[in-house]
Structures are given as structure tokens and as C-alpha cells.
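Welcome! Please keep the sequence and the 3D view open as you read.

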Amino acid sequence: MQKPVVGASDDGRGSVNEQLVRIDIARVVDGQRAALIVKVAGEIDVLTIDRFRAAVGTGFDQLPDGGILVVDLTDVTFLGSPGLQALVDATRTASQRREPLRIVVDATRPVIRPIMLTGLDDVLALFHTVEEALQAA
Amino acid sequence: MPARLAPAMAPTETPDETLGCAASPGSSGDPVDRAGEACRPLRLALPADPVAPSVARHRLRRWLAGLAWPAVELEDIVLAVSEAVSNATEYAYLQGPPGLIDVHGEVETTPGGPCRIVVVVRDHGRWRCPPIDDENRRRGVPLMRACMDTVTIGSPDDGGEGTCVALRSKAIRVTGPPAAD
């Protein structure tokens, strides 16, 4: 059992952070539209939220004109209120930039449960699969 | 228009370890002895830093799996406790030295009747008032309340410093006759 990490040691906290969530950004071209997929695996909580927000920000920065930003949460094993807030903020940013933000959740309970409990399934653009997210109009 | 998602099926879960509980999950009609003396409560004391919620989740999941708690209810309890611990890490010790967050979990039973989990998350600090427009807080507390049967937030009973959050889960019913000796 790993001991809790105490204090401000970047190495200790950094390595736990690295273990807790992995984030990859990949560019795809699907038909006529380019897309960036921010794939997250692991836990999104207060420890890892900064990396998640930074990855979404990078996604917006690198998104080609007319592209779709997809956040793939199918391998996320925990999503708490910091993550929900980040998804809401990203959706707002997307709306202001008039670029779609599509969130893939594949009905995996760790992610869909907090989204539905807070009514955010009416606010976030949710899709079952990356393919659906890319193909939607 | 994005497809509206249907509620998910609960994932199947195999308890990976029992933590001092007398009975294994067993076959149908064979109740878990959740009230048995061998069921130890959960006792954690975590440094109040951003790692604390993930440690609390991990330990809580193991403890609940050892009690063979149903998967759907288990995840709700983990979510609520994670929110409470997360709030404490963010607000409890902003004025003054860093401290500990206590997480105590117990099974609450009535003979032959429903079982609940009660988890108390307690810090010993003096909370800075969260910013009024902090949406995490506005979303976090309703999330806790949606996951649990009751959430009580207040001062600790012992009159000490800090804040106490008592999370009482929804009841599950113990099925089947009591195990014969």
C-alpha cells in the first residue's frame, strides 16, 4: 500500500500524479474534418485536475480551423466535482469559440453517474464512442 | 444532436481483499456477516494534501469490497467520501499549519434488517470560507447528497476545532436467513 505523499515535494506528488491519470492528445482526420482527441485514462480529481485542464487547453490551442475537439473519458475510473467543473468550463470555451467540444463516456458508470446526478447530461455534448463523436453533424 | 445516454449498467466487481470481515460474499441466500465482530471499521488519518482523496478512495473501496457491498452503492459512497475529503484538503487548513483528515467508516446494522455504511470525514482546522462563486463547492455538496441517504455537516461532537461531515449511505437489505452455527 503506497504511503500518502506529504508536503510540497514535487517528485513525490508528481509521481503519484503520473500514476493516477494518463492523458494523450492525438490528431485525426476523419473524412473532411480534422479532430483532436484528448484521451484520459485514470482518475480526474483535485490532484490531477490541473493536468486535465491543461490538456484540454492545449487541445483548443492546437485545434485546426473547423476541427472538432473530442475528450475521450471512456477509460476514466473516477470523476469528481473538479472534473465536472472542468468539463463545464471547457464546454463554455468551446461555445465561445464556436468549436464543438464532444465528450465520450461510453456509459461507463464512474463517469456517467456524477454527470447525471448533477444534471450535466443536459449541458455537456455526450457521445457513446469516439466514432459517434467524430461523425455527428 | 448528441444521443442522450441511457443509465449505465453497474459494473461487476470482485472484492480483491477482505479486511477482517468474518464471511466471504458466498452464494445466494448466504448473507455476509457485516455486523460480525470480525468486521473492523475503517480508520484513516490522511495528511490534508491533494493526494488524500485518491488514498481515501482506494482504502474505502477495499474496505467496502471486503464487506461485499453492492457495486452500485459502493461507487456512490466512494464518490461522496471523495468529495468530502477533497473539500477538507482545499479548505480546512488554509489558515495555520497543515493537519490531518480523519476518515472513519462503520457498518450500521439492525438485526435481520437493513445495513448502512456511515463514514465520518473530520478535519481539525478552521475553514476559510470558500469563495462565493466556487462552483465546485456548489456542485460537490449536492453530489454528496445525491449519493448518500443523509449528509450532515457541522462541528465535531467533541467540541474540538474543525468540521465533521457524516455521510450515511442508502440502506441495503440483508437477504436470506441468518447463518446457522
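## Burial and make-up of the chains

Of the 137 residues in chain A, 38% are buried, where buried means that 20 or more other C-beta atoms lie within 10 Å of the residue's own, exposed means 12 or fewer, and partly exposed is anything in between, with C-beta atoms placed from the backbone. This is a predicted model, in which local features need pLDDT of at least 70 and side-chain atom pairs count only at pLDDT 80 or more, while totals for chains, interfaces and linings use all residues. Residues are numbered from 1 along each chain as its sequence is written, and chains are lettered from A and ligands numbered from 1 in the order in which they are written.

Chain A contains five helices and five strands; these are DSSP runs numbered from the N terminus, with helices (H or I) of at least four residues and strands (E) of at least two. Along the sequence they follow the pattern α-β-β-α-β-α-β-α-β-α. Chain B has three helices and six strands, arranged from the N terminus as β-α-α-β-β-α-β-β-β. Of the 181 residues in chain B, 38% are buried.

## Two helices side by side

Two packed helices are described by the angle between their axes and the distance between the axes. In chain A, the axes of helix 2 (residues 49–62) and helix 3 (residues 81–97) come within 10 Å and cross at roughly 15 degrees. Axes here are lines fitted to C-alpha atoms, for helices over the stretch in contact, and angles run from 0 to 180 degrees between N-to-C directions. Helix 2 and helix 3 of chain A are therefore roughly parallel to each other (angles under 35 degrees).

Which residues of helix 2 of chain A meet helix 3? They are A:Ile49, A:Phe52, A:Arg53, A:Val56 and A:Phe60, and their partners in helix 3 include A:Pro82, A:Ala86 and A:Arg97; contact means C-beta atoms, placed from the backbone, within 7 Å.

Helix 4 of chain A (residues 109–117) has A:Pro110, A:Val111, A:Ile112, A:Arg113, A:Pro114 and A:Ile115 as its buried residues. After helix 4 of chain A comes A:Gly119, with a positive phi near 75 degrees.

Now look at A:Glu18, in helix 1 (residues 10–20) of chain A. Is A:Glu18 buried or exposed? A:Glu18 is exposed, because it has 12 other C-beta atoms within 10 Å. The C-alpha atoms of A:Glu18 and A:Phe127 are 27 Å apart, and the two residues are 109 residues apart along the chain.

Definitions and conventions: Angles under 35 degrees count as roughly parallel, over 145 as roughly antiparallel, 65 to 115 as roughly perpendicular and the rest as oblique. Two residues are in contact if their C-beta atoms, placed from the backbone, lie within 7 Å.
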